[in-house]
Amino acid sequence: MTETGARLLVLWVADWPVIAYVREHRGVSGAPLALIGSGVVQSCSAAARAEGVRRGMRQREAQSRCPGLRVSRHDPGLDARAFEEVLTALEAVLPGVHPVRPGTVAVRVRGPARFYGGERAAALRVVATAAELGLPGARVGVADGLFAAEQAARSADAAGIVIVPPGEQAAFLAPLPVNVLGDPELGGLLPRLGIRTLGGFAALAPGDVAARFGPDGARLHALAGGRDPRGAAPRIPPREFDVRVGFETALDRADQVAFGVRGIADAFIAGLLAQRLVCTAVRIEFTTENGDGSDRVWLHPRSFTAAEVVDRVRWQLDGADLRSGVTEVRIRPDAVDPAGAHERGLWGTGPDEGVHSGLSRVQGMLGHRGVLTAVPAGGRSPAERQAMVPWGDRPVVARDPTPPWPGALPPPAPATVYAVPRPLSVRDAHDRPVTVDERGALSAPPAVMVSQTGARRRLTAWAGPWPLDERWWDAREARTASRFQAVDAGGEAWLLVLDAEGWWAHGHYD
Amino acid sequence: MFEAVAVEPEPTRAELVKDLQARIRRMQRSRLDTHELPAHPALSPLLPGGALMAGSAYAVTGSTTLALGMLQAPSAAGAWCAVVGMPDLGVGAVAGLGIDLERLVLVPQPGRQWLAVVSALIDVVSVVLVRPPASPGEAAASRIAARLRRREAVLVAIGEWPRATAALAIGDSSWTGLGAGFGRLTGRQVTVSSTASRSGRPAARRLWLPGPDQALSPVTQNIGRRSSPSVH
């Protein structure tokens, strides 16, 4: 058994998510930009880093350091999709590419070194390929083992190459700080034990590390010592399922384009079926004469047929605001499933199919978010207890409705829940505004509610205040309010909320 | 059992004839094979024919809960329902009435295309509840009526609707459970009145809308006039 992995070449593209985002949205590459995922910065551009924005920083802190920062949501799917192009280009010059993660690939260097005449020549070829793809931030490292090679690539300066001679990876890794291991617990603990470099960590006895930090710690200890058993598993280049059709004279009518697409839609579905796959999400891209385009994903609750793909093309054309004729259409699968999982039953799927195509047609008119389904969600206010999901999407509910939500109002729920709460004022018998002090005591019984238009409704019954003080641990979501129910003289019941900004009607029991 | 609250005076001979004619007309359906969608048992005495006639439109004024109540029985029977033009719909109340959310489709902002959206939805779902953003013209209403007949769907409109089979409205609403500073809303009693366009005869009924169990039910005599708030 060999302790050290094969000799590997690693290509690392700095800030890949940012590059992918800028390419996808045709943005300006020099601007400060940060991509946010789960509340923290996942990746940022060089301009933002120069202003002090760092990975792992909270969004608010990043914005306070760099006021001109553009913030967008991090989309891991986009990273992987955009990297496909780089992988295909690399596969043309190197055999057996192993994608480690979007932005990082590893290749066994032995073959290319022999072919190009040395490791440095092979590395130069990779850098040149990356430069052809417009990736100036690509760096290459060559070393024994994946970890050492990746660290070598990261330690190279822009468009540089670092080659660690065989057997010297432990010496190369020794001066690096321990947090390059990427384990926050060890990265925090080891410096407090006086161990600041990988060399120091590697000097510990393996048995002691395993006893103190468990199998995970032992694995990282081996990495720090330059012993990385991972090899490069070359990927099998995926089959090409994408289809495209170009129009020599640009077409500006949706039915012409739909007719032109019919052939490739058949080929697309047949190509997938030949591999016993069906498509559950399809991405359709248009390119137009003057270079703009449209690109979106259509989901299907079961699987697409060729006619349904053509329908999506037509709807997307109707919805997209294109100013010139279409010159090219590309159809690519975004999600595929084994065909066996989608066999139709003999009975019982008929009517729902019709519902889906009819509703997709309405979506074609109003846009994807025009047709919604409602799912119950968890929360204490009626607006929080409902979530809307666009038709065809899989429901993703942030808050689970099943755990008890103490403090939620008991049923009946209001039939009208204002999407935007309506401001109003509530007054007592002497026409003074009703307030609640910090101990929850009411200044006077509410007697009249006055809407923004000045209409006055006399209140005949009311109850409250029911205080709500939730998520006080989170500055962004913290909320303090008092809730009331009131019935006016016309027999109409209201859900009223008093918060720091005043009175609001949140619901109407109509 | 289920008693209507509005007590009618002794009918005169002319009224009796008119009533009998209306009953004959009700029995003679507009088409031979008219289908029906079930109506909630509390609402069926208010509807001509005792059910939702496939291919007809109903108008409801004054209450979202009543309009949703029209959807309850078809939804429970497995029909798809759609709600158009109601961005402020409370999903909790919808589920509380017993409407299946899995078979409910919402189009909150149809904008100016609302007629096209309603027509497209009639093709695929059985009951469409719509709050028209503008008053529908005669021409639009008859186009939709033709589509409803062809697809055997039902339209429930909040507000006015030309040539609706029945127009339902609520009045005399009283909430229970809430006092001057105590209690909480538990239920509401309303008088639902209905005017059928063909017979022209009004009917009215006292209903829980919603009742203490969030559902629709008729007010029965033994708890009928209890409108004082419950004290806890």
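**Largest cavity.** I looked up which residues line the largest cavity in this predicted model. From chain A I noted Pro412(A), Ala413(A), Ala415(A), Tyr509(A) and Asp510(A). From chain B I noted Thr65(B), Ala93(B), Leu97(B), Trp175(B), Pro210(B) and Gln214(B). I then sorted this lining by class: 8 residues are nonpolar, 2 are polar and 1 is charged. The space inside comes to about 70 Å³. My search of the whole structure returned 3 cavities of 30 Å³ or more.

**Second largest cavity.** I went on to the second largest cavity, with a volume of about 50 Å³. Its lining consists of Trp298(A), Leu299(A), Arg312(A), His356(A), Ser360(A), Gln363(A), His368(A), Trp391(A) and Gly392(A). Two elements of chain A give two or more residues each: strand S11 (293-299) and helix H14 (350-366). H14(A) has the largest share, with 3 residues. By class I got 3 nonpolar, 5 polar and 1 charged.

**Thr64(B).** Next I checked Thr64(B), in helix H2 (residues 64-76) of chain B. Is Thr64(B) buried or exposed? Thr64(B) counts as buried, because its relative accessibility is 2%, and the cut-off for buried is under 20%.

I listed its contacts, leaving out residues up to four places away in sequence. In chain A, Thr64(B) touches Ala415(A), Thr416(A) and Asp510(A). In chain B, Thr64(B) touches Met86(B), Leu89(B) and Arg131(B). I also took the C-alpha to C-alpha distance from Thr64(B) to Leu89(B): 8.4 Å, across 25 residues of sequence. Back at the largest cavity, I found Ala415(A) and Asp510(A) in the lining; both are also touched by Thr64(B).

Definitions and conventions: Residues numbered from 1 in each chain as written. Chains lettered and ligands numbered in written order. Predicted model: local features only at pLDDT ≥ 70, side-chain atom pairs only at ≥ 80, totals over all residues. Heavy atoms only, no water. Helix = DSSP H or I, 4+ residues; strand = E, 2+ residues; numbered from the N terminus. Buried < 20%, exposed > 50% of the residue type's maximum accessible area, 1.4 Å probe, protein only. Contact = heavy atoms within 4.5 Å. 1 Å grid on protein atoms, 1.4 Å probe; cavity = no way out; pocket = protein on both sides within 12 Å on 5 of 7 lines; lining within 4 Å. Points joined across faces, edges and corners; volume = space filled by probe spheres on them. Nonpolar A, V, L, I, M, F, W, Y, C, P; charged D, E, K, R; others polar.
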